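Biologist: Please take me through the helix packing here, with the criterion behind each term.

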Amino acid sequence: MSSLKTSIKRPRIGFHAPIKGGLHEALVIAKETGCQTVQIFSRNPRGWMAKPLTKESVELFRKTQRETKISPVVIHCNYLVNLAAADEALLAKSRASFREEVERALLLGVDYLVVHPGSARGACEAEGIAICAKSLKLACKGLKLGAFRILLENTAGQGECIGHRFEHLRAIMDACPKLPLGVCFDTAHAFTAGYDIREEDGLEVTIQWLNRTVGTKNVRAIHFNDSRAPYNSRVDRHWHIGEGHIGLDALRRVAQHPKLAHAAFILETPYDDPRADLKNLQTLRSFINRS
Ligand SMILES: [Zn+2]
Ligand SMILES: [Zn+2]
């Protein structure tokens, strides 16, 4: 008889790791800190120009991934890209930059690329969704994507950002039936966008709605963050687990939810030195290592 313990699916956990020592270094840090998954930027997240990846850095990254077995590996897109931009010049720049992000992700052989749907300043939500869908299609045109997936992240709904309702993500997926799209569910963004996950019934309603819109099986990554900003504030402020407005008990329920156990749980909590600041990781680990 197989033991019950082995049949309990536990999420893979990790955090957004720095790449100062080279892209491969993030995998090493993840391994050293007992993680199974990791998120990185593949480049400076706040500049348009990216240094091209050298053959050596790609080989080193792929080799380190094989050795550390860190999986899935997630790249977060740079912050300048706005796939729903109403401004033509910004839109063109964003599409080119996003294509470059996809090409880099494919070169490095990572599993997922997380992107925010964008901000449709001056346009209505439906227009923003249509522009975003077109951007995704153009950016991926002619590329062999294989098992790679682009994950649309739900947003806090700051300014005129789209993606703060799960329906927006569904609409983008529907508009791109041939693209391998999935979802990254950010707990802090959902909470400040008006999904009240503080109590058990609120979390249940949220996950049911997530399932009915995008399908929980398509939720491949969870950005596991507490929020420094209050409920429904539409403000994006990640905070340490258990020290924000969502709270310890609520986040424990998220980490232990059976409908999310297949996803990679990634912390995006603030830190100075990831090797020194392991408290959030310990907290997340304590949630999933329950007996
Ligand atoms: Zn994000
Ligand atoms: Zn996030």
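Modeller: In α2, Leu23, His24, Leu27, Val28, Ala30 and Lys31 meet Ser57, Leu60, Phe61, Thr64, Gln65 and Thr68 of α3; contact means C-beta atoms, placed from the backbone, within 7 Å. This contact comprises six nonpolar, five polar and one charged residue (nonpolar: Ala, Val, Leu, Ile, Met, Phe, Trp, Tyr, Cys, Pro; charged: Asp, Glu, Lys, Arg; polar: the others, Gly among them). The model is predicted, with local features requiring pLDDT of at least 70 and side-chain atom pairs pLDDT 80 or more, whereas totals for chains, interfaces and linings use all residues. Residues are numbered from 1 along each chain as written, chains are lettered from A and ligands numbered from 1 in the order written.

Biologist: Why is α2 called roughly parallel to α3?

Modeller: Their axes, lines fitted to C-alpha atoms over the stretch in contact, with angles from 0 to 180 degrees between N-to-C directions, cross at roughly 15° and come within 8 Å. Angles under 35 degrees count as roughly parallel, over 145 as roughly antiparallel, 65 to 115 as roughly perpendicular and the rest as oblique; α2 is therefore roughly parallel to α3.

Biologist: What makes α4 and α5 oblique?

Modeller: The axes of α4 (residues 88–108) and α5 (residues 125–140) cross at roughly 50°, so the two helices are oblique to each other.

Biologist: Which hand does the crossing of α4 and α5 have?

Modeller: That crossing is right-handed (near helix turned clockwise from the far one by less than a right angle; left-handed if anticlockwise). The crossing of α2 and α3 is left-handed.

Key
Helix = DSSP H or I, 4+ residues; strand = E, 2+ residues; numbered from the N terminus. Contact = placed C-beta atoms within 7 Å.
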